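Hello,

Here is the structure I promised to hand over. My notes follow below it.

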Amino acid sequence: MVRGDTTGPTVPTVQVRRRVRATAEQIFDLWTKPDLMVRWMSPYPGAVDCKASCDLRPGGAFSLVMSSEQSSREVSGTYVEVDRPRKLVFTWIGPLTNNVNTLVTVELHPRGDETDLVLTHERLPTPAIVEGHTRGWANILDHLADAASKDF
Amino acid sequence: MTEIEARKEAASRSARLDAVFAALADPTRRAIIERLSRSEARVTEVAEPFNMSLNAVSKHIRVLEASGVVERHRKGRDHILSINTRSLDEVDGWIERTRRYWEQRLDAMERLLRELKKDHKLGRKDRRHGSR
């Protein structure tokens, strides 16, 4: 079952899909305008201050610094592809990734008044992103789960 | 655990995870893992279905061993390969943490969208004198 999937440039991938009540333009701006980024991107409820900056062009950098009285954390990266309002691809490095470089792709597909947001987060950047990766990977893990339950 | 120890532990976990991800980035190596997830096997058995030399397959096996995904033990004269499921649990953990992270961020994004829409409905007159 997995054999067919193993020929692609697959890496372990996390994919999150969501239908959002907003236009693709509105969503794209939330991801790329610093004054909007600071209002939702910080995962630290205790952070009293959140600063964002971005140079929105391929090769341009962005950063999000979240500080509280005790500590400061930063998420940063470089834009790889900027195609408003359809697609945004950027590298991502921060506490979640153990300060290892990763690749995030945000795709926006208009559906009438709503928009389907598809976010793909890859631990290892690959040049090609092929639909169905997550399933191939999930299958491998399923096999392993079976193997593990046999062992113990 | 002191903070320095905790950081060292996080760094070595991260390094292990990187090795596992690098090992998994290759289709031949993933096929080897898939084979071994069904049962442990001799090196020659693992190599058999591949259209490449035993030497080439052995190189992939060594990468998998170095990453900790595959373990080797001897049974008589045979080298037996098996999967170390614990190393893949860490990959599972990363996937789970990352998914949760983005689900929560997208929740926050949708909350902000609702807030912005409400602001918008208040009308331009209010916004001109607005608090922001």
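**Chain B: what was found**

Chain B has 6 helices and 3 strands (DSSP runs numbered from the N terminus: helices are H or I with at least four residues, strands are E with at least two). From the N terminus, the order is α-α-β-α-α-β-β-α-α. The model is predicted: local features need pLDDT of at least 70, side-chain atom pairs count only at pLDDT 80 or more, and totals for chains, interfaces and linings use all residues. Residues are numbered from 1 along each chain as its sequence is written, with chains lettered from A and ligands numbered from 1 in the order written.

**Overall form**

The radius of gyration of chain B is 25 Å, well over the 14 Å that the globule rule gives for 132 residues, so chain B is more spread out than a compact globule. That radius is taken over C-alpha atoms, and the rule is 2.2 Å times the number of residues to the power 0.38. Along the principal axes, the C-alpha atoms of chain B fill a box of roughly 85 × 45 × 20 Å.

**A helix pair**

Helix α2 (residues 27-38) and helix α4 (residues 54-67), both of chain B, have axes that come within 10 Å and cross at roughly 75°. Axes are lines fitted to C-alpha atoms over the stretch in contact, with angles from 0 to 180 degrees between N-to-C directions. That makes α2(B) roughly perpendicular to α4(B) (65 to 115 degrees). B:Thr28, B:Arg29 and B:Ile32 of α2(B) meet B:His60, B:Ile61, B:Val63 and B:Leu64 of α4(B) (contact: C-beta atoms, placed from the backbone, within 7 Å).

Best wishes

Note on methods:
Parallel < 35°, antiparallel > 145°, perpendicular 65-115°, else oblique. Contact = placed C-beta atoms within 7 Å.
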